Amino acid sequence: EQSLDLDARYASARAIAQEAARKGMAYYARREELIVEHKEGNLQDVVSAADQEIELFIRAELARLFPEDGLLGEEGGGADLGARCVWVIDPIDGTACFLNGLHNWCVSIGLLVDGEPVLGAIADPNHDELFHACRGRGAFVNETPLKVSEATHVGQGVMGTGTFHSKGKGNFIPFLEKLLAEGGMFFRNGSGALMTAYVAAGRLIGYHETHLKSWDCLAGVVMVKEAGGRINDFFRNDGLLHGNPYLVAAPGVYEQLARMIGPSLDGD
Ligand code: IPD
Ligand code: CA
Ligand code: CA
Ligand code: CA
């Protein structure tokens, strides 16, 4: 079996995410001039020239450094997905925030090795935070180690939530009702990658989205695991390509949350 330079990939993921986030800030400053399109006629599902150009930058850097690796990105689709290493990229997670001047967006770069999430970098330039993790080496924001919440009941903290105008949105209000009934409180900032990182950081006790895509969460999933958290069976049934319902949470509240979501969480 060929040896794998994980150190180089981890360092590159961080450096490229930071550089892409710097580029993102330049686009953000002139966001009103950017050309914006709607995907599949959905007014809420927007994509701008910034998303497309930043993804091209990330793909070009990764292809130059690791030409044998596969790539999957929200805007550019998949290439060489049978490769041992596959990069999963969201050039801007939180595009609606980005275009509306809300400071909740980030660049997310994750890596699968032999089908398993192994490392991730999430760069949030508005808050000078670089979240990163590599399997077996812990999770960090900048230099500070991350640890999930110690909550043992949903009433003890804030829960990240979200849905989109796509699959699963009918399950959203029923989940919120149960969360509120059990004394919980909800939060949505419009970036699934950042909310996942916030679970790793213990800022949120968990994060549930009725249907998420792999590029929204793959980098963050490594952080949550390294910080002591749990994730549902998100990659089942081609979750990498098509997405699935999603839950990450501190171990003390995971089961309580999974019960509230019900069988849709890990069903087909
Ligand atoms: C979206 C964000 C949002 C989530 C959506 C995602 P995008 O990603 O993560 O929080 O609710 O499901 O599509 O389109 O801004 O990269
Ligand atoms: Ca999008
Ligand atoms: Ca996204
Ligand atoms: Ca995106």
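1. Methionine 223 touches Gly120, Phe131, Ala133, Ala139, Leu146, Thr196, Ala197 and Ala200, leaving aside residues up to four places away in sequence; two residues are taken to be in contact if their C-beta atoms, placed from the backbone, lie within 7 Å.

2. The model is predicted, so that local features need pLDDT of at least 70 and side-chain atom pairs count only at pLDDT 80 or more, while totals for chains, interfaces and linings use all residues. Residues are numbered from 1 along each chain as its sequence is written, with chains lettered from A and ligands numbered from 1 in the order in which they are written.

3. Met223 is also among the members of the largest nonpolar core, a set of 80 residues, that touch the most other members, together with Ala17, Ile109, Ile122, Val199 and Ala200. Such a core is a set of buried Ala, Val, Leu, Ile, Met, Phe, Trp, Tyr and Cys residues joined through C-beta atoms within 7 Å, and a residue is buried if 20 or more other C-beta atoms lie within 10 Å of its own. Helix 6 (residues 214-226) supplies the largest share of this core, eight residues. Because domain 1 (6-145) and domain 2 (154-265) both give residues to this core, it lies between them.

4. The domain bounds come from an automatic or database domain assignment, and the C-alpha centres of domain 1 and domain 2 lie 20 Å apart. Their contact takes 33 residues from domain 1 and 22 residues from domain 2. On the side of domain 1 that touches domain 2, strand 7 gives the most, with seven residues, and the residues of that side divide into 18 nonpolar, nine polar and six charged.

5. Ligand 1 is surrounded by 14 residues, of which the closest are Asp93, Thr95, Gly162, Phe164 and Gly192; a residue counts as near a molecule if its C-beta atom, placed from the backbone, lies within 6 Å of it. By class, this shell around ligand 1 has three nonpolar, six polar and five charged residues. Both domain 1 and domain 2 give residues to the shell, so it lies between them.

6. For the protein chain as a whole, buried residues make up 48% of the 268 residues.

Key: Helix = DSSP H or I, 4+ residues; strand = E, 2+ residues; numbered from the N terminus. Nonpolar A, V, L, I, M, F, W, Y, C, P; charged D, E, K, R; others polar. Buried ≥ 20, exposed ≤ 12 C-beta atoms within 10 Å, placed from the backbone.
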